[in-house]
Amino acid sequence: VSPAVRRDLRAGAWLTLTLLTFAYQLEPFDVAAPARPLVAVAFVALAPGYGWARLLAPHDAWIRWATTLGIGLAASTLTAFALALLEAWAPLVGFALLAAFGGVGVIAWLVAARRPAPAYRGAHAAPPVEPAAGPMVVEPPRQPTVGDREAVARR
Amino acid sequence: VSPPSDPPARAEERADFWGRLVLWYLFANAIAAWLLALDTVDRAGLPAMGDLGLAPLLPTAFYVSLALLTIGFAVALHRTVLTTGVLAAYVAGLIVVWHATPALLYGAPRYPFTFKHIGLGAFVQDNGRLALEYDAYFNWPGFFTLSALISDLAGIDGPFALAAWGPVFMNVLIAGAVLVLARALTDDPRHAWLAVWFFLGTSWVGQDYFAPQALGFGLHVLVLGLYVGGFAARRWRIAVGTGDAHGEPRRRATDADPTADPAAEPNVVSTLGGTVHRRAWASEPARPSAGRRVGLLATVLLAYTAVVASHQLSPFVTLASIAALVVLRLGRAAMLPVAMGAILATWFATMTTPYLAGHLGELLAGVGRVFDNLSASSRILASPDDVVLSAERVLVLNVRQWLTLVVAGLAIVGGIRRVRRGHVDWVAIVLLLVPAGMVALQSYGGEILLRIYLFALPLLAWFAAAVVYPDRTSGRRWTAPLVVVLLSGSMAAGMSFAYYGNESMNHVTAPEIAVLEALYADAPDGALVVTLTTNAPIRMARYTDLAYVHLGALPPFDDDDTRAVADVAALAATLAARVDDEARPAAYVLFTRSELATARLFGELAGVDLAALDARLTASADFALVARSDGGSLHRWSPSAAAP
């Protein structure tokens with residue numbers, strides 16, 4: 001599967017999760033469906049930060065997921081707090097705000113992913129081998145035996 | 001790039017495939033053993049668990065599951081090709097085994113305090129607003145509003161169902177954040193993943209449940225990880241030499257020229273006799289792009305604001321950590337701590353004034369009183385002198401001390417190994433030491449030592465992991481996975497008692513919840529409820545309707561001398577005075593099983609036979625029994641009943 005197709009599949013998964021969460025808020029589905037809490041937790045935890053995290057940590061999957069979770073919970077916390085503080089509590093409004101925030105992130109990620117790759121690939125990517133900054137400081141030679149699956153694929 | 005027909009590459013891929021298959025098979029067996037363990041636990045005996053907690057009640061299959069996970073993880077780390085998906089599965093497995101076990105066995109949320117947090121979420125969900133003037137929880141309401149929003153989106157009435165799974169979810173968040181931080185501190189993924197493993201194996205303090213501190217801690221570690229990854233010096237290396245007149249390091253004539261051949265890098269250990277110099281940014285990687293720096297800063301501020309909105313203590317540690325890195329020139333973005341300080345100050349100036357107005361003196365009372373704050377915290381880690389605890393309880397406390405000392409000792413050894421390899425991790429050292437400064441501020445309700453340990457633990461675990469993998473070139477011998485298994489096994493043995501040692505009070509049973517529901521059904525608004533301890537599973541519903549006081553705060557139970565001879569008549573007289581003074585419509589006395597366990601474990605209300613007191617209340621004409629179950633009892637006192 002090409003990277004472009006994988007990207008589209010991931011964006012589709014984000015959209016599916018968001019639409020499913022929205023569907024559960026509608027009157028005909030407003031029932032205690034067993035899957036509804038799981039969908040709600042997944043939406044709040046993942047949807048707001050999914051695209052943003054891919055922009056910030058594009059080359060390490062598990063750091064990306066951890067960042068996704070952190071951004072999602074932080075954005076959801078502040079959204080819910082604002083609604084309660086303003087006495088404008090409305091779950092649908094909260095959902096819409098989080099979906100919009102996450103949607104902008106996904107669009108920004110998709111746009112950025114179509115650009116040529118930058119020279120430096122992210123704060124959390126493995127640092128590039130660089131020339132020594134001074135006569136006393138030298139990077140140890142990289143060991144070819146340690147690396148992740150992407151390194152193997154590149155080889 | 002090797003073509004597909006390249007025989008060495010194909011052989012490597014085949015070996016990789018079979019290696020992964022074996023690891024997944026081991027993982028499946030670990031999960032199967034865990035499920036078998038769950039099936040064979042005597043659930044009816046759980047409420048009667050003793051002072052050793054849950055560990056003795058868990059069958060052998062539970063520990064077999066932990067052993068299989070440990071062996072599989074150690075082997076996965078040692079493989080030539082590191083498969084992070086397998087490592088992540090094992091970490092997830094460890095989280096599930098440690099934290100989903102109580103959730104599935106109990107069928108109800110753990111920790112009495114969880115019930116208060118459930119009630120706060122339910123209040124926001126029901127009323128759609130905050131009660132800023134009511135108590136301090138509403139001054140830091142972020143976590144509770146989040147739980148209310150999730151409950152509404154999930155279509156459930158209150159976050160009760162979510163709370164049982166809080167420890168699992170929070171540990172996923174925290175473990176992910178620890179990975180971000182650990183990965184930012186090292187370029188060796190094995191080191192980072194082992195740090196996460198060690199963290200989970202030594203995080204016994206129980207601050208990972210359905211609580212604001214868990215969310216605050218997870219986001220705190222994430223903020224540190226993102227900052228270190230984007231703005232801190234990645235590594236500091238020792239430059240050895242005598243230094244010139246300007247303080248610049250000068251290489252000794254005997255040292256090899258490292259620029260001539262990188263493989264000939266001098267062993268800095270052998271030349272440590274000279275002055276050690278540091279050069280800022282010496283081995284710093286290229287900076288992230290401007291756009292990514294802005295994104296990282298925005299994310300850091302977003303997460304930090306959520307921490308500020310959720311928890312009192314965590315944002316101070318976050319701010320102090322990043323400010324220390326900036327001040328010591330170990331990190332850039334000098335305006336970031338200023339912005340964080342502004343957010344924190346704005347919050348205190350706007351959201352917390354109702355709380356600070358009545359508690360500022362109390363908050364500032366502990367500032368500078370280091371020894372008093374340490375003393376107040378010692379009851380949680382050591383057996384106090386003034387009470388007699390069971391031998392089992394003393395064992396649990398000792399195991400906690402030893403587990404803490406073991407991880408600290410491993411961290412020291414790991415740090416030394418890093419130095420011997422030429423790495424002095426000043427960023428990690430500063431982040432490790434900053435939380436200790438909290439002890440100079442306050443005792444935090446006697447929990448400050450626990451909090452310091454918790455905030456330092458990601459760094460302690462990171463240094464401890466350096467015992468096995470001090471750098472990328474190390475840990476290739478067969479002894480490395482053996483050491484991982486031995487250390488993890490020791491940690492698991494300690495963790496099972498240290499972490500599960502409080503389960504007799506953390507386990508709130510269904511019969512207890514039935515008594516609580518009877519209280520919410522019977523009590524009129526404004527009623528006073530007397531609990532046995534401060535650790536009562538109260539406020540699950542009608543959060544602002546009822547007032548609570550614990551027995552140890554009421555005369556004659558508030559005095560060591562009069563407590564032992566206190567009788568029901570004295571309690572009735574105290575309630576009469578209290579109800580009269582505060583114009584309460586009714587008063588209740590609540591007994592719950594978990595509170596009795598709390599009193600036993602911590603030596604509270606020493607000298608009072610609580611079971612006998614419960615029986616005397618039942619027989620007294622001043623009190624009426626409202627509800628009784630295997631989990632406790634509820635007694636109502638009313639002025640008419642007590643009148644002569």
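Two strands are taken to pair if DSSP finds at least two bridges between them. In this predicted model, strand β3 of chain B (residues 528–531) and strand β4 of chain B (residues 547–550) meet that criterion, pairing in the parallel sense over four bridges. Within this pairing, B:Val530 lies opposite B:Val549, and B:Thr531 has B:His550 as its bridge partner. Strand β3(B) also pairs with strand β5 of chain B (residues 587–592), again in the parallel sense, over three bridges; here B:Val529 faces B:Tyr588.

These strands belong to an open, five-stranded sheet of chain B with mixed pairing and the order β4-β3-β5-β7-β6. Because β4 and β6 (623–629) of chain B each have a single partner strand, they form the edges, and one side of each is left without a neighbour in the sheet. On average, neighbouring strands are turned by 20° against each other, direction ignored.

Helix α23 of chain B (residues 593–602) packs on the sheet, where it touches β3 and β5 of chain B, and its direction makes about 70° with that of β5(B). Helix α24 of chain B (residues 610–619) lies across β5, β6 and β7 (632–637) of chain B and runs at about 140° to β5(B). Strand β3(B) is covered on both faces, with B:Leu528 and B:Val530 buried on one side and B:Val529 and B:Thr531 buried on the other.

A helix pair was also examined in chain B. The axes of α7(B) (residues 166–185) and α8(B) (residues 189–202) come within 9 Å and cross at roughly 145°, in a right-handed sense. Residues in this contact include B:Ile174 and B:Val178 of α7(B) and B:Trp193 and B:Phe199 of α8(B). By class, the contact residues comprise twelve nonpolar, one polar and one charged.

Note on methods:
Residues are numbered from 1 along each chain as its sequence is written. Chains are lettered from A and ligands numbered from 1 in the order in which they are written. This is a predicted model: local features need pLDDT of at least 70, side-chain atom pairs count only at pLDDT 80 or more; totals for chains, interfaces and linings use all residues. Side-chain values use heavy atoms; hydrogens and water are left out. Axes are lines fitted to C-alpha atoms, for helices over the stretch in contact, and angles run from 0 to 180 degrees between N-to-C directions. Helices (H or I, at least four residues) and strands (E, at least two) are DSSP runs, numbered from the N terminus. A crossing is left-handed if the near helix is turned anticlockwise from the far one by less than a right angle, and right-handed if clockwise. Contact means heavy atoms within 4.5 Å. Ala, Val, Leu, Ile, Met, Phe, Trp, Tyr, Cys and Pro count as nonpolar, Asp, Glu, Lys and Arg as charged, and the others, Gly among them, as polar. Buried means under 20% relative accessible area, exposed over 50%, partly exposed in between (1.4 Å probe, protein chains only).
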